[in-house]
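Please open the model in your viewer and keep the selection panel within reach. This tour tells you what to select at each stop and what you will find there.

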Amino acid sequence: PQRLYEPKGPLVNSEYYTGWLDYWGEPHAGSSPAQVAQGLQDMLQLGANVNMYMFQGGTNFGYWSGADYKGRYKPVTTSYDYDAPLSEAGDPTEKLFAIRTVIGKFQPLPEGPMPPASPKFAYGPVPLRKQGAVLQLLDELCPGGPIRSRFPLTFEAVKQAHGFVLYRTRLPRDVWDPAPLSSPPDGVCDRAYVLLNGEYQGRLERDGQTTLNLMGQAGATLDLLVENMGRINFGVNTSDFKGLLRNLSLASAPLSDWLIYPLDVDSAVARGWPLPAPHAEGSRAGLGPALYTGAFQTPGIAWDTFVKFPGWSKGQLWINGFNLGRYWPARGPQQTLFVPGSLLSASAPNNITLLELEGAPPRPLVLFLDRPLLNQTVGPQAGAELPPP
């Protein structure tokens, strides 16, 4: 096909796909080793130059998993394993050996054995304790205090690139019968966790639920913790503003007089806060955004591992102050986050900080495994299995 557009010059495939990226709520993408190897052989027989994308999978640590726009907003998972010849952890796969065999037909292969996979270790379960709800911890998470505005401001307007911003206002009147809290289309980017007087009410979501029924007294505090789920990084929709892009209304009446808290969770965690402490709230998990902590010691090693979130909903994880990325087992397909051994201490306790956004399990713990779980897909509602691709 290249010769149809370029009759002369070198034959080049600048992006030979070895797999594909994953979107939250869709099956784990993949391609067969035989198919990838055959395609490579066909191109090399033509004398073509080939660049593989990806040759090694990776990880979207922190908040760096972006998004596509394909008729709707499609955020990318934390894992960028890509079903690549070298896995997210850098380990050789069956696909790598199939590619190596093909290359061996065209040029000599290096002598000696292939490097083995790096060692992995299942450190097991680690119990966590609730440190407190996000609303109780605003002094630590937003030391500069809130910004006052008659109407909501975007993340960009308050100079917040990633993460979370809390929007606070008060009910302007008594609402004795359930009344809709409504967002215009694309008014919430990307997810808002709604609380009334500190009680979790539910969420509003881009390309999802845009109305939530509330009732309460005049002056009740209405909080929306808004999460940036990743910026659109391809195509014509890359001006992807975050936060409350337009005002919300309650029973069709616009809300006003907002306090806006840009949260800097990462700086707080990097300072060593909150320390795992026995005086924390303990196992009263409950609903709504809250921080949990724990610690574990390794048996004198610092090997790669994978952390699973049994019963957790959605959130962000830090180990020893490093932001490992978003977890969202309720939507899948990714169920574990990759933890490089270089982040762990073989001698000192390893501190875990977890920000859960929706609801923790009755027994809060995380589970360290020696292998990843990337293909357990559930649909937009927890527990609703997607049909096979």
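**Stop one: a helix residue and its contacts**

Begin by selecting I103, which, once its neighbours within four places in sequence are left aside, is in contact with L40 and L109, contact meaning heavy atoms within 4.5 Å. What you see is a predicted model, in which local features need pLDDT of at least 70 and side-chain atom pairs count only at pLDDT 80 or more, while totals for chains, interfaces and linings use all residues. Residues are numbered from 1 along each chain as its sequence is written, and side-chain values use heavy atoms, with hydrogens and water left out.

I103 belongs to helix α3, residues 94–104; helices (H or I, at least four residues) and strands (E, at least two) are DSSP runs, numbered from the N terminus.

**Stop two: a loop glycine**

Next, select G62, in the loop between β3 (58–59) and β4 (67–69). G62 has 9% relative accessibility and therefore counts as buried. Apart from neighbours within four places in sequence, G62 is in contact with Q316, N323, L324, G325 and R326. If you then pick A98, 36 residues from G62 along the chain, you will find 33 Å between the two C-alpha atoms.

**Stop three: an open sheet**

Now display the four strands that form an open sheet in the order β15-β11-β18-β19, with antiparallel pairing; two strands pair if DSSP finds at least two bridges between them. Its edge strands, each pairing on one side only, are β15 and β19 (253–254).

Strand β11 (residues 175–182) and β15 run antiparallel and are joined by five bridges, and in β15 the bridge partner of P180 is N213. β11 also pairs with strand β18 (residues 249–250) in the antiparallel sense, over two bridges, and here S182 stands opposite S249.

Which residues of β15 lie on its covered face, and which on its uncovered one? In this strand, residues 211–216, the covered face has L212, L214 and G216, whereas the uncovered face has T211, N213 and M215. In a regular strand the side chains alternate between the two faces of the sheet.

**Stop four: another strand residue**

Select R129, which is found in strand β8 (residues 129–133). R129 counts as partly exposed because its relative accessibility is 37%. L354 is 225 residues away from R129 in sequence, but their C-alpha atoms are 9.8 Å apart in space.

**Last stop: two annotated spans**

Finally, colour residues 152–264, which an unreviewed UniProt entry annotates as "domain: Beta-galactosidase 1-like first all-beta". UniProt positions are given in the numbering used here, feature names are shortened, and annotations may be inferred rather than shown by experiment. This span, 152–264, is 0% helix and 49% strand, and its end C-alpha atoms lie 19 Å apart.

Then colour residues 289–346, listed by UniProt (unreviewed entry) for "domain: Beta-galactosidase galactose-binding". The span 289–346 is 0% helix and 45% strand, with its end C-alpha atoms 31 Å apart.

Definitions and conventions. Buried means under 20% relative accessible area, exposed over 50%, partly exposed in between (1.4 Å probe, protein chains only).
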